[in-house]
Amino acid sequence: MSEAAQTLDGWYSLHDFRTVDWTTWKMLPAEERQEIVQEFLSLVEKWNKTAAEKQGSHALYTIVGQKADFMMMILRPTMEELNEIETEFNKSKLAEYTIPAHSYVSVVELSNYLPAGEDPYQNPQILARLYPELPKAKHVCFYPMDKRRQGEDNWYMLPMEDRRNMMRSHGMIGRQYAGKVKQIITGSVGFDDYEWGVTLFADDVLQFKKLVYEMRFDEVSARYGEFGSFFVGNLLEEDRVPAYLNV
């Protein structure tokens, strides 16, 4: 049996994708729509307070294409808190005019393919990656992925040293995009349909295409990567929410 990589785990993560029922939404009186928007913004304000207390983070993005209209990404210390936030939104008036399009449940993860050494939970740089403040980048890209386990291309049958070397090479590509793309890896083994979720943030949307394409040529992706649906979108700042929902 191959040795399992140990992971460092941080905040739990929920990607909640919604489609707006624009037809029904437009039938509401303007005053009622405004009240519903304000109720939603009061929820966001609660999230802001949590973020200010360093007890979580969140991001709002509109989604381009027909897979969804907007995404709420929420990070919290416990799975219970994610459930409470999801339920609170579902009880809101705005939820009555949205249709759940997709969701992804995971936990911020760092693969500990690193050599043994100091306690990683005492390292400020590692803590910042496990408990991140989500950036206000202009664009987001999210996709889930698995490691292939078919025949000779079975990642989980490889020796630890081989996996460590390949992940080191894989990571070197990502480092070339430092300052251009922020990447948050969340583990979802036992939580959702895929094994990992990858969330990328950038001010230049083309960097997503360049990074993902370049990584396809690396052995980790070319030989062992299996990918789910991709979602790409644009930052939805709070002060733009009323305009976004205005009809």
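Q: Where is the place of L127?
A: L127 belongs to helix α4, residues 124–130; helices here are DSSP runs of H or I with at least four residues, strands are E runs of at least two, and both are numbered from the N terminus. This is a predicted model, where local features need pLDDT of at least 70 and side-chain atom pairs count only at pLDDT 80 or more, while totals for chains, interfaces and linings use all residues. Residues are numbered from 1 along each chain as its sequence is written, and side-chain values use heavy atoms, with hydrogens and water left out.

Q: How many residues apart along the chain are L127 and D9?
A: They are 118 residues apart along the chain, with 9.8 Å between their C-alpha atoms.

Q: Moving on. Which strand is R18 in?
A: R18 is in strand β1, residues 7–20. R18 is buried, with a relative accessibility of 3%.

Q: What is R18 in contact with?
A: Setting aside neighbours within four places in sequence, R18 contacts A68, D69, F70, M72, F89, N90, T98, I99, P100 and A101. Contact means heavy atoms within 4.5 Å. R18 and Y97 are 79 residues apart in sequence, and their C-alpha atoms are 9.7 Å apart in space.

Q: Helices next. At what angle do α5 and α6 pack?
A: About 155 degrees, with the axes of α5 (residues 160–175) and α6 (residues 206–216) 10 Å apart. Axes are lines fitted to C-alpha atoms, for helices over the stretch in contact, and angles run from 0 to 180 degrees between N-to-C directions. The two are therefore roughly antiparallel, the term for angles over 145 degrees.

Q: Which residues make that contact?
A: H170, I173 and G174 of α5, with L211, E214 and M215 of α6. The crossing of α5 and α6 is right-handed, meaning that the near helix is turned clockwise from the far one by less than a right angle.

Q: And what about α2 and α3?
A: The axes of α2 and α3 (residues 79–90) come within 11 Å and cross at roughly 165 degrees. That pair is therefore roughly antiparallel, and the crossing is right-handed. F40, L43, K46 and W47 of α2 meet I85, E88 and F89 of α3.

Q: What is phi of K54?
A: Near 60 degrees, a positive value in a residue other than glycine. Most residues other than glycine have a negative phi. K54 is in the loop between α2 (30–52) and β2 (57–63), and K54 is exposed at 57% relative accessible area.

Q: Aromatics: how many pairs?
A: A search of the whole structure gives 16 aromatic pairs. In F227 and F230, the ring centres are 6.4 Å apart and the planes are at 40 degrees, so the pair is tilted. Rings of Phe, Tyr and Trp (its six-membered ring) pair if their centres lie within 6.5 Å; planes under 30 degrees apart are stacked, over 60 edge-to-face, and the rest tilted. F227 is partly exposed at 25% relative accessible area, and F230 is partly exposed at 26%.

Q: Which residues do ring pairs link into a cluster?
A: F17, Y104, F142 and F231.

Q: What lies over the face of F227?
A: R216, at 4.4 Å from the ring centre. The charged end of K147 sits over the ring of W196, 4.5 Å from its centre. The criterion is NZ of Lys or CZ of Arg within 6 Å of the ring centre and within 35 degrees of the ring normal.

Definitions and conventions: Buried means under 20% relative accessible area, exposed over 50%, partly exposed in between (1.4 Å probe, protein chains only). Angles under 35 degrees count as roughly parallel, over 145 as roughly antiparallel, 65 to 115 as roughly perpendicular and the rest as oblique.
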